[in-house]
Amino acid sequence: MVFHAREDCPTMDDILSEMDEFFDDSVDRVLRRSGISPSEIDVLVVNVSMLSAVPSLSSRIINRYKMREDVKAYNLTGMGCSASLVSIDIVQSIFKSRKNMYALVVTSESLSPNWYAGNDRSMILANCLFRSGGCVMILTNKVALKYRAMFRLKCLVRTHHGASDEAYNCCIQKEDEFGRVGFYLGKTLPTAATRALVDNLKRICPKILPAREILRYVIASLLRKMIQTKGGESGAKLPIDSKTGVDHFCIHTGGKAVIDGIGQSLSLNEYDLEPARMTLHRFGNTSASSLWYVLGYMEAKQRLRKGDRLFMISFGAGFKCNSCLWEVMRDLGERNVWEDCIDSYPVKDPVNPFMEKYGWIKDLVLPEDC
């Protein structure tokens, strides 16, 4: 649409054709590879944050693949980049009360109706950061299929700071002064993300870290407080060693600042952050599906081995921070979506390859009513 100068007036056909293209490729492929018929799907969860169509996208998939009339369908919108783990949590809740089920989770984003055509830089940023992408996965609680599983969900924690006005407004869809709708990313976003991350880690760390690390951290914190009480120098704050319970870190590609902030909070090195950095470089921020591109990088690089523990963390508008821990069930090494470029990664200097040619645009002064 941008190439045809129609970004200001996308049609419904433009919007739905974008979704259909993704469905035809990804849903078809995962069903074919798994050998599972659409009629065997018991639960369908679709999350596309920036599109609310009628009938819903979940209904569109049910109609397209002729699923059963008793399929449990959920359609999530407005959940932002953290929607993937919200979908996983819904499936997990259903699995607790129902046995021997298949769930199809579809995660993507609709960019066609959400291009910002104004000059508010805090809203133009979304045009540069977000890109098209998506992922489809099948979850099951059938014990007999354990040998086919790639991952097993160990625990999941969701944190929501929507009660805070600062957190709620830092990442929001709104109109600029000329009435153009766009997605606003505020300067308080890193602060909101840090607070949500801290609260999320307080809840999930006791679930994923060994008791010895929790005990070490508690004792060290008490000693630090005692030294402070006596007026002494307590030194830098002691970080918890997340690597005692986690082998790999799958971080949402919300931007360089987000990746750097999580790396600093969890004391991660460049090897740990490489999958997120390279995914941001190659695919940008594909919203809720970005986690799975990061996971795909690890798989393509043959990092994932049976028994490894993988920590996923994502942020979303609202403001939300969701995280979960997966156990790798078998050695993985498929090249997946990275197949055509994985050998050229990691790049030594992951800067924007278009800045040298098009960087002048950021200094362009446009008329106020443009």
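The model is predicted, so local features need pLDDT of at least 70, side-chain atom pairs count only at pLDDT 80 or more, and totals for chains, interfaces and linings use all residues. Residues are numbered from 1 along each chain as its sequence is written, and side-chain values use heavy atoms, leaving out hydrogens and water.

**The sheet**
- Four strands form an open sheet in the order E5-E10-E9-E8, with mixed pairing. Strands (E, at least two residues) and helices (H or I, at least four) are DSSP runs, numbered from the N terminus. Two strands pair if DSSP finds at least two bridges between them.
- Strand E5 (151-160) and strand E8 (248-251) are the edge strands, and each pairs on one side only.
- From one strand to the next, the twist averages 15°. Axes are lines fitted to C-alpha atoms, for helices over the stretch in contact, and angles run from 0 to 180 degrees between N-to-C directions.
- E5 pairs with strand E10 (residues 320-328) over nine bridges, in the antiparallel sense. His 160 stands opposite Lys 320 in E10.
- Helix H3 (residues 83-97) packs on the sheet and touches E5, strand E9 (309-316) and E10. The direction of H3 makes about 115° with that of E5. Contact means heavy atoms within 4.5 Å.

**A buried serine**
- Ser 110 lies in the loop between strand E3 (102-108) and helix H4 (121-129).
- Ser 110 has a relative accessible area of 0%, so this residue is buried. Buried means under 20% relative accessible area, exposed over 50%, and partly exposed in between (1.4 Å probe, protein chains only).
- Leaving aside neighbours within four places in sequence, the contacts of Ser 110 include Ile 15, Val 48 and Leu 51.

**Aromatic pairs**
- The model has ten aromatic pairs. Rings of Phe, Tyr and Trp (its six-membered ring) pair if their centres lie within 6.5 Å; planes under 30 degrees apart count as stacked, over 60 as edge-to-face and the rest as tilted.
- Phe 151 and Trp 326 pair edge-to-face, at 6.3 Å centre to centre and 65° between the planes. Phe 151 lies in E5 and Trp 326 in E10, so the pair ties together parts 175 residues apart in sequence.
- Trp 326 counts as buried, at 6% relative accessibility.
- Phe 283 and Trp 338 are also edge-to-face, with 5.0 Å between centres and 85° between planes.
- Ring pairs link Phe 283, Tyr 293, Tyr 297, Trp 338 and Tyr 345 into a cluster.
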